[in-house]
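Please read the following note beside the sequence and the model.

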Amino acid sequence: MFETLSDRLTSVFSSLRSKGRLSEADIDATCREIRIALLEADVALPVVKAFVAQVKERARGVEVSQALNPAQQVVKIVNDELIEILGGETRRLRYAKNPPTVVMLAGLQGAGKTTLAGKLARWLREQNHTPLLVAADLQRPNAVQQLSVVAERAGVAVYAPEPGNGVGDPVEVARRSLDHARRQQHDIVIIDTAGRLGIDQELMRQAADIRDAVSPDEVLFVVDAMIGQDAVTTAQAFMEGVGFDGVVLTKLDGDARGGAALSVRHITGKPIMFASTGEKLEDFDAFHPDRMASRILDMGDILTLIEQAQKTFDEAETAKMASKLTSGEGFTLEDFLEQMMMVQKMGPIKNLLGMMPGMGQMREQLNQVDDRDLDRIAAIIRSMTPAERQNPKMIDGSRRARIAKGSGVTVTEVSGLVTRFFDAQKMMKRMAGGMGIPGMPGGRKAGKAAQKKAAKGRRVSGDPRKAALGKAASDKGAEAPPAGNGLLGKLGSRQQLPPGLELPPGFDPSTFKFPGQK
């Protein structure tokens with residue numbers, strides 16, 4: 001969605017990094033490029049003017065002029081202003097003191113309200129709520145049937161007493177749904193209302209009547225993020241005609257320029273609460289302004305990546321797999337297949353990699369990532385026998401030919417997978433061995449050997465003269481204060497410091513201890 005804007009802003013900031021100090025001309029040129037980037041992204045003109053003016057004012061202030069790295073400070077300013085223009089803090093859903101909590105969806109036809117109702121219901125169900133979907137769109141053909149199908153896929157209940165297709169009173173359906181929810185002990189009611197192809201009086205009157213009948217705790221305006229400036233116009237019309245508490249952006253996975261997301265909140269003053277990023281029911285989450293700003297500036301979205309991993313990976317299985325990886329033993333192709341399937345559940349690999357910082361500069365390579373490659377790997381492993389998965393060393397030429405035929409790939413691909421798996425096993429064993437790095441698990445043997453050597457003590461020469469010299473040196477070392485392992489310990493006393501670096505009187509650096517040092 002924000003690829004064009006992200007690329008433009010990244011190029012602007014890369015030209016700043018070579019400058020030690022920023023002049024007025026540099027700031028003006030940077031703000032001009034930011035203005036062009038925002039206008040090309042279809043951001044509303046009033047929003048662009050306010051944004052650029054704020055960035056310019058802060059860039060000319062003390063925080064940039066006295067910064068050690070002015071370019072990074074400008075990036076921070078733009079990031080802060082993007083977060084502010086997107087809503088500042090994450091806006092959470094308000095729940096009623098006495099259930100059920102009523103959420104009403106409003107918007108134009110084609111914005112994706114019905115599908116979004118199912119996504120929101122599924123999202124709430126995962127948070128241990130019992131939502132109820134209400135079919136109050138009785139005008140659009142098959143809208144009631146579509147909501148019923150979406151509810152079944154989301155695993156939630158639906159209230160649809162009227163067949164729709166122009167039959168029934170949506171206001172009465174919405175009113176009766178509250179009594180039904182109380183009887184069936186649903187704590188959240190999501191009302192899907194009708195839309196129009198454009199703004200008209202009938203649409204506004206019906207939406208206002210439903211709002212007055214059910215007194216919703218939240219009215220969410222659903223807007224298609226791909227319609228550009230029309231999103232702002234539509235949002236203003238709904239704000240004046242019906243009123244709403246928050247905005248939900250749909251189709252954020254599209255190839256539009258994304259200016260609506262940066263404009264709607266600033267124009268209406270209402271926060272963006274949720275975002276839909278795909279066609280699947282799980283492609284939906286709360287909208288985090290700070291994370292979206294970080295994505296736009298190509299700084300990644302590690303928090304969302306971690307949250308997706310926590311939802312997908314089982315904690316016990318993850319701990320079991322981690323022990324196999326660290327031990328370097330027992331990790332088989334069966335384990336590899338299981339981990340790969342879990343990664344696939346997190347979403348398309350391209351999207352996961354896109355959440356890593358700096359991936360905007362590798363967009364061409366990301367576009368070449370194909371999830372079907374993982375499907376081919378899975379097919380190869382599943383074509384093996386259990387014994388072959390446990391011990392790939394037994395896979396000889398005839399077995400590779402059989403596996404290739406069973407998985408529909410070439411023998412070369414089977415050989416490549418087996419070879420890469422052996423390489424990965426070797427790397428895991430080296431990591432488990434510590435690779436000679438102090439403090440790593442592999443360093444234990446070396447540590448024990450050093451302790452054993454130290455326990456033997458200093459060897460005494462058979463020559464009486466050398467033995468006497470060695471004893472004198474040992475006695476002298478025992479009288480001296482013990483030297484620390486750090487820089488202060490190596491410097492020793494105050495008299496050994498270079499001129500101008502004298503320590504305060506009475507300070508003994510040999511007794512200084514760092515945190516955690518015994």
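1. Buried means under 20% relative accessible area, exposed means over 50%, and partly exposed lies in between (1.4 Å probe, protein chains only). Arg94, at 42% relative accessibility, therefore counts as partly exposed. Of the 518 residues in the protein chain, buried residues make up 42%.

2. The model is a predicted one, in which local features need pLDDT of at least 70 and side-chain atom pairs count only at pLDDT 80 or more, while totals for chains, interfaces and linings use all residues. Residues are numbered from 1 along each chain as its sequence is written, and side-chain values use heavy atoms, with hydrogens and water left out.

3. The secondary structure of the protein chain comes to 24 helices and 8 strands. These are DSSP runs numbered from the N terminus (helices: H or I, at least four residues; strands: E, at least two). Contact here means heavy atoms within 4.5 Å. Among contacts in the protein chain with a separation of 6 or more, 71% are between residues 24 or more positions apart.

4. A salt bridge is a side-chain nitrogen of Lys or Arg within 4 Å of a carboxyl oxygen of Asp or Glu. By this rule the count comes to 16 salt bridges. One of them joins the side chains of Asp80 and Arg58 (3.4 Å, N to O). Asp80 lies in helix α5 (residues 70-85) and Arg58 in helix α3 (residues 45-59), so this pair ties together parts that are 22 residues apart in sequence. Arg58, Lys76, Asp80 and Glu81 are linked in a network of salt bridges.

5. Asp245 and Arg94 also meet through their side chains in a salt bridge (3.7 Å, N to O). Asp245 is in the loop between α10 and β6, and Arg94 is in the loop between α5 and β1 (101-106), so the pair ties together parts that are 151 residues apart in sequence.

6. Glu334 forms a salt bridge with Arg389, and the closest N and O atoms are 2.9 Å apart. Glu334 belongs to helix α15 (residues 333-345) and Arg389 to helix α19 (residues 386-390), so parts that are 55 residues apart in sequence are tied together. Glu334 counts as partly exposed at 30% relative accessibility, whereas Arg389 counts as buried at 14%.

7. Which charged residues are buried yet have no salt bridge? Lys113 is one of them, and the nearest side chain of opposite charge, Asp192, is 5.2 Å away. Lys119 is another, with Asp283 as the nearest side chain of opposite charge at 5.7 Å. Lys and Arg count as positive and Asp and Glu as negative, while His and the chain ends are not counted.

8. Lys113 lies in helix α6 (residues 113-125), and Lys119 lies in helix α6 as well. The side chain of Lys113 reaches the backbone oxygen of Gly107 at 3.4 Å. A polar contact of 2.5 Å joins the side chains of Lys119 and Ser276. Such a contact is a pair of N or O atoms within 3.5 Å; within protein, one must be able to donate a hydrogen and the other to accept it, and residues adjacent in sequence count only if both atoms are side-chain atoms.

9. The structure holds 6 aromatic pairs. Rings of Phe, Tyr and Trp (its six-membered ring) pair if their centres lie within 6.5 Å; planes under 30 degrees apart count as stacked, over 60 as edge-to-face and the rest as tilted. Phe221 and Phe244 form a stacked pair, 5.1 Å centre to centre with 20° between the planes. Both Phe221 and Phe244 are buried.
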